[in-house]
Amino acid sequence: MNTNLNMAVGIVGVAFLLTGAAACVYQLYRMTVLDAAARGMKHPKLLGFLVMGGNNSSGLLMYLICRRKYPILDMPEASRSEIERRKKIAGVGLIFLAAGAIVLVVAGMLLI
């Protein structure tokens, strides 16, 4: 019975972890697309896709270095407020990510 409880807690932890990770990655993609479009960069959706992929954040680093050449040309207030809203959602995603990791560690310790 105890094993079933540990397994259920582990599944909940994995669900929290995956939900938080997906939310963070998607919000990073949307923020990159908005920023690249405001800077007048070519192919903002492709840049967003490159930023959200990769295990070592090389796409994000490349974007942050390349965007220095492009000052913000025109960013409407609606885009600014959307970026701020997406930052908050990404923060909630990080909380879910951390909670899922903590639950998984606790479930792993209880299993031993």
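## Salt bridges in a predicted model

R67 and D35 join their side chains in a salt bridge, with 2.9 Å from N to O. R67 sits in the loop between α3 (58-66) and α4, while D35 belongs to helix α1 (residues 2-39), so this pair ties together parts that are 32 residues apart in sequence. Keep in mind, as you look around, that this is a predicted model.

How exposed are the two partners? R67 is partly exposed, with a relative accessible area of 26%, whereas D35 is buried, at 9%.

| Pair | N to O distance |
|---|---|
| R67 and D35 | 2.9 Å |
| E82 and R86 | 3.1 Å |
| E84 and K87 | 3.2 Å |

Now for helix α4. E82 and R86 are four residues apart in this helix, so about one helical turn separates them. E82 counts as partly exposed at 22% relative accessibility, but R86 is buried, with a relative accessible area of 9%. E84 and K87 also lie in helix α4, three residues apart, or about one turn of the helix. Here E84 is partly exposed at 41% relative accessibility, and K87 is partly exposed too, with a relative accessible area of 44%.

One last stop is V106, which lies in helix α4 (residues 77-111). V106 is partly exposed, at 40% relative accessibility. Between V106 and C66 there are 40 residues in sequence and 41 Å in space, C-alpha to C-alpha.

Conventions
Residues numbered from 1 in each chain as written. Predicted model: local features only at pLDDT ≥ 70, side-chain atom pairs only at ≥ 80, totals over all residues. Heavy atoms only, no water. Helix = DSSP H or I, 4+ residues; strand = E, 2+ residues; numbered from the N terminus. Buried < 20%, exposed > 50% of the residue type's maximum accessible area, 1.4 Å probe, protein only. Salt bridge = Lys/Arg side-chain N within 4 Å of Asp/Glu carboxyl O.
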